[in-house]
Amino acid sequence: MDTGALRAAVAAGDESAVARLLDDAPRTVLAGPAGAALLTRAVRAGRHRIVERLVAVGADPDRTEFTGGVDLVAEAADRGAYSMVMALLPGPVARQRRALEAARAWLGGSEEDELRRRLGGGPDVTFAYEDVHEDVDPDNPHLYDPTPVAVRIHATAADGRTLTVETAHRALVTAVEKTIGTFATTPDELADRALHHARHGFRDWQASVWRLADRADEESFACAARLIRSPEPPHRRFALDLLSAIATHLFLRRPWRHGRQALELLRAYLATVEDHPELLDGALFAHSWYAHEYGTDEDLFAILPFGSHHDGAVRERVLHELGPFMDRNPAVADLCTARCDDPRPVREAALHALATYGPDSPELRSLFAAHLTDPHAPARLEAAAGLALRHDPRADAVLARFAADAEPESPTWWRLDEVRRRRARTAPAG
């Protein structure tokens, strides 16, 4: 094993080099001191992807000869370093319990209070904050979501001593409880963990949502039903996220015994006045899933009036959800046609729905042709797609220009591929 090369690759954060060198490294060696030394270096450097690789090939997070006696797992959990803990965690239950205990120590109050206590500085401790984001997956950069997943808090005492933590302790507790198989945590407690910071997209929020979606029991539904009626917008949003997660989590596996109740709950919610468009967007998404699975056409098309909502994202959501069912209600085609004059991205969504699911008519072809010179490229692409899927040659030159410029695996590349395949399947005989 080329230990020097591995040390250099770990220090540089060169994942591909680490992976290549590990392929040639004996597993028995990696399970010993050499692997522990590499693992300690990777943890100290914050290289969680490399840590994950090292643990997978046998490096032991429980060894402490290179850490000064410090438990790497408990230390990472104490810092709220979610990705690092999850990379270190596979292994004995005792390791997971150490992470759980360290993370739980932060659940009694705010991170600032605990940092202040540890620094012994009282009101003289100052704080600085920065958002934490997921790393870009080098294999799937197009899937990157820039939404913050936590906040990193830097605390400084008056004498210059510092401590830094990430606000992911509640997510860690929820994730490790699930790994160990602890189901004693109540839905209300899981919701409270998410609502401690009340930041949609945070790890503690997502961990609670998906833990409750895994359960999908009567208590989980009751939790959603209670929170969706709350006067607090974050509470309502958590309920909507939970209902959406249950729908998408269970949709391909089995019907949910509370599915019809969830649909009725969402219809009642949509009948109220909601001042937050992002909540309406989530409600419309969830409603469409439940209406499709547990409702009637009347339920499905009940969201049509929101296609004229003042907020563009809400109108766009209606077009996305109802477009595939255009053949079951002519009002959907009328709505999409009316929205083709909207600002982007609503305009592109309307053109996409008409191109993909709309009928073939002279009027619709004329509409597509008029948008071939649209100032916005996505609208031009959808207009050309609409003509191409109807085998109208006016699309060819526009699609050729898009094909020449499209980056492989980009959304434009995939849309062109879809149009090409569908066009080939429906080509006129001869």
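**Cysteines, cores and aromatic pairs**

The structure holds 0 disulfides. The model is a predicted one. A disulfide needs the two sulfur atoms within 2.5 Å. Cys336 has 0% relative accessibility and counts as buried. Cys340 is buried as well, with a relative accessible area of 1%. The cut-off for a buried residue is under 20%.

Attention then turns to the nonpolar residues. In soluble globular proteins, nonpolar side chains tend to be buried together. In this model, the largest nonpolar core has 89 residues. Phe238, Leu243, Tyr290 and Phe368 have the most contacts inside this core. Helix 14, spanning residues 233–250, supplies the largest share of the core, with 8 residues. A second core is separate and has 42 residues. Among its members are Leu38, Val73, Leu88 and Ala207.

The surroundings of Phe368 were examined in more detail. Residues up to four places away in sequence were not counted. Phe368 touches Leu351, Leu354 and Ala355, among others. Its contacts also include Ala383, Gly386, Leu387 and Arg390.

Aromatic rings were considered next. The structure holds 6 aromatic pairs. One of them joins Trp205 and Phe238 in an edge-to-face arrangement. The ring centres are 5.4 Å apart, and the angle between the planes is 80 degrees. Trp205 lies in helix 12 (residues 203–215), whereas Phe238 lies in helix 14, so the pair ties together parts 33 residues apart in sequence. Trp205 and Phe238 are both buried.

Phe221 and Trp256 form another pair. Their ring centres are 5.9 Å apart and their planes meet at 75 degrees, so this pair is also edge-to-face. An angle over 60 degrees places a pair in that class. Phe221 belongs to helix 13 (residues 218–227). Trp256 sits in the loop between helix 14 and helix 15 (259–270). The pair therefore ties together parts that are 35 residues apart in sequence. Phe221 is buried, as is Trp256.

Technical notes. Residues are numbered from 1 along each chain as its sequence is written. This is a predicted model: local features need pLDDT of at least 70, side-chain atom pairs count only at pLDDT 80 or more; totals for chains, interfaces and linings use all residues. Side-chain values use heavy atoms; hydrogens and water are left out. Buried means under 20% relative accessible area, exposed over 50%, partly exposed in between (1.4 Å probe, protein chains only). A nonpolar core is a set of buried Ala, Val, Leu, Ile, Met, Phe, Trp, Tyr and Cys residues joined through side-chain atoms within 4.5 Å. Helices (H or I, at least four residues) and strands (E, at least two) are DSSP runs, numbered from the N terminus. Contact means heavy atoms within 4.5 Å. Rings of Phe, Tyr and Trp (its six-membered ring) pair if their centres lie within 6.5 Å; planes under 30 degrees apart count as stacked, over 60 as edge-to-face and the rest as tilted.
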